[in-house]
Amino acid sequence: MKKLVNAQILKNAPLTRDIYELIFKSEYLAETAKAGQFAGIYLESESKLLPRPFGFCQTDAKAGTVRIVYRVVGGGTKILSQYPEGKTLRVLGPCGNGFTYSAQKRVVIIGGGMGTPPLLKLAQDIKKANSNAEINVFSGFQNAQQVILKSDFEKTGAKVYISTDDGSQGYMGNVISLIKNVLRHNPDGGSALPQSPEIIFACGPKVMLKAVSGYADETATPAQVSMEERMGCGVGACICCVTKTNDGNGEAYKKVCAHGPVFSSKEVVWNG
Amino acid sequence: MVDLSVDIAGVKLKNPVTTASGTFASGKEYADFVDLNKLGAITVKGVSITPWQGNPPPRIAETYGGLLNSVGLQNPGVEAFIKEDLPFLKQFDTKIIVNICGHTEEEYAEAAQRLSTEAVDLLELNISCPNLKKGGIAFGQNPKMAHAVVREVKKYAKQPLIVKLSPNVTDITEIAKAAEDAGADALSLINTILGMQIDINRRRPVLYNVTGGLSGPAVKPVAVRMVYQTARCVKIPIIGMGGICSGGDAVEFLLAGATAVAVGSANFANPNATTDVLNGICEYMQKNSIAKLSDIKLA
């Protein structure tokens, strides 16, 4: 059940030049949030009314803390970045549906830029649910300055592969060519490779998710993708953050905040 | 104890607070936050005789003190509403107002007819949506068309009919009078104000639909003015809306001549907004020793 909670900021500091780490106290959210779900943070601003959606990056149920990693991209995140420790935030959550993990052993996680943070919680939760899971994380960024959470992923026991657009760290190119390279994907499109994953989870820009979906189709691997769209209420009321889907009953706009943000890659109409 | 009850076309609301159509879905989405039994009425998202897909995204843009939307009345159709949403709403001790939309007079009339046998307390005729290529606002910008659609729908509606007016007109009183003359039982205003936002980096409109409807605190002075003007030229009750976030905002509309008020975009900024507005009205009445809501009048 979604709640509106008052959460005290424990930490709000830059990880890189414009990417911030926010840790706040909320026992309720720390206990209930699932990977892939998100929190809506309200700004104390007369001019900016809408909640800002952020995927849960990490939760600690014992300590009752929630970690969010965000990038300062506009006026709202700028205001958020200036909030001091000790300040109380109004936070809505947990919102959305989250990823569904069902004990698969070979897991591939694909992140793009600021789509990466929610995947950390996913990797941690998968390891908790199944310590035998083999997780390969493929994470793409613009450049080395934007690379985040690499060591956090490694701490879960996952293997982490980085790509950057300019080659300043890791593989030069996009994350899909990285994954094909690493998994030595069969160019004939076969899916019987020994390393082929049983499930793919992805979060990132739509163009990346579309490529992930194509890769999943080529390798006949099920994929769950976390979509992003300009959002209003965060609870499914305003019907603004829609994405075109087809679940077999024809095309329809589904709400990213309520039906998603996680969808099966097969359900999303990528050219819609 | 203050008396908050109001009468809208013979339907008694326990208090004057309802929701603006399209901002509260069919109530379910806010039931985690708001005790729906406490609301005077719930006005649901617009329904049409057939399912509507709505406009492509992006459908929303935040603006200074408000937001633009271009949803385009996406809804699963009146049958799905009756089957899936109405049973949920009926569990609560609140009045149900169903907003109906259409592309043509016939579509509006069919939706009204389909709802005539259902447990719905009031209908709200949406002739003011700015996000449709056909219908919607077109009916609300022309007194003759407004008159005709209201008269047509009145033939089929069994519940009292509220007509929701658009602010995107030169003289809202003309449309208000036309609706009253055609048999409207109440009016609600304002719907959103047509607006636009451009992304200067991409050099493109933010909304896929280019233009959208502006709502939120930014539009409140326009809404108060229009309620004030309209209340002075019609006899039927008015549900006032447009940027109401607090009890004080609601009282401003009541003073302008509204009988009831609707909370809209404020729900997005604060899921408890409806309750906060209601509590704020009570506090205002107590502080000013006003026993009856209808005694909130301009000095």
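Student: How much space lies in the second largest pocket?

Tutor: This is a predicted model. In this model, about 680 Å³ of space lies in the second largest pocket.

Student: What makes a residue part of the lining of this pocket, and how many residues line the second largest pocket?

Tutor: A lining residue must have an atom within 4 Å of a point of the pocket. For the second largest pocket, 28 residues make up the lining. Those that lie nearest its centre are K255(A), H259(A), Q74(B), N75(B) and P76(B).

Student: Which strands and which helix each supply at least two residues of that lining?

Tutor: Chain A contributes strand 15 (251–255), while chain B contributes strand 4 (41–47) and helix 1 (78–90). By residue type, the lining divides into 11 nonpolar, 9 polar and 8 charged residues.

Student: Why is K121(A) called buried?

Tutor: A residue is called buried if its relative accessible area is under 20%. K121(A) has a relative accessibility of 3%, and therefore counts as buried. This residue is placed in helix 3 (residues 117–129) of chain A. Leaving aside residues up to four places away in sequence, K121(A) touches A33(A), K34(A), A35(A), F56(A), C57(A), Q58(A) and T59(A).

Student: Why is helix 7 of chain B described as largely enclosed by the rest of the structure?

Tutor: Helix 7 (residues 247–256) of chain B has 10 residues, and 7 of them are buried, so the description "largely enclosed" applies. The buried residues are G247(B), D249(B), A250(B), V251(B), F253(B), L254(B) and A256(B). Their cover includes helix 6 (220–231), strand 15 (238–241), strand 16 (260–263) and helix 9 (273–287), which belong to chain B. After helix 7 of chain B comes G257(B), with a positive phi near 125°.

Student: How do you know that chain A and chain B are in contact?

Tutor: Contact requires heavy atoms within 4.5 Å. By that rule, 31 residues of chain A are in contact with 33 residues of chain B. The two chains bury about 2600 Å² between them, with 62% of it on carbon and sulfur atoms. On the side of chain A, L49(A), R230(A) and Y253(A) lose the most area to chain B, together 25% of what that side buries.

Student: What makes the pairing of R52(A) with E62(B) a salt bridge?

Tutor: The cut-off is 4 Å between a side-chain nitrogen of Lys or Arg and a carboxyl oxygen of Asp or Glu. In R52(A) and E62(B), the closest N and O atoms are 2.5 Å apart, and therefore the pair meets the definition. Across the interface of chain A and chain B, the rule finds 2 salt bridges.

Technical notes
Residues numbered from 1 in each chain as written. Chains lettered and ligands numbered in written order. Predicted model: local features only at pLDDT ≥ 70, side-chain atom pairs only at ≥ 80, totals over all residues. Heavy atoms only, no water. 1 Å grid on protein atoms, 1.4 Å probe; cavity = no way out; pocket = protein on both sides within 12 Å on 5 of 7 lines; lining within 4 Å. Points joined across faces, edges and corners; volume = space filled by probe spheres on them. Helix = DSSP H or I, 4+ residues; strand = E, 2+ residues; numbered from the N terminus. Nonpolar A, V, L, I, M, F, W, Y, C, P; charged D, E, K, R; others polar. Buried < 20%, exposed > 50% of the residue type's maximum accessible area, 1.4 Å probe, protein only. Buried area = accessible area lost by both parts, 1.4 Å probe.
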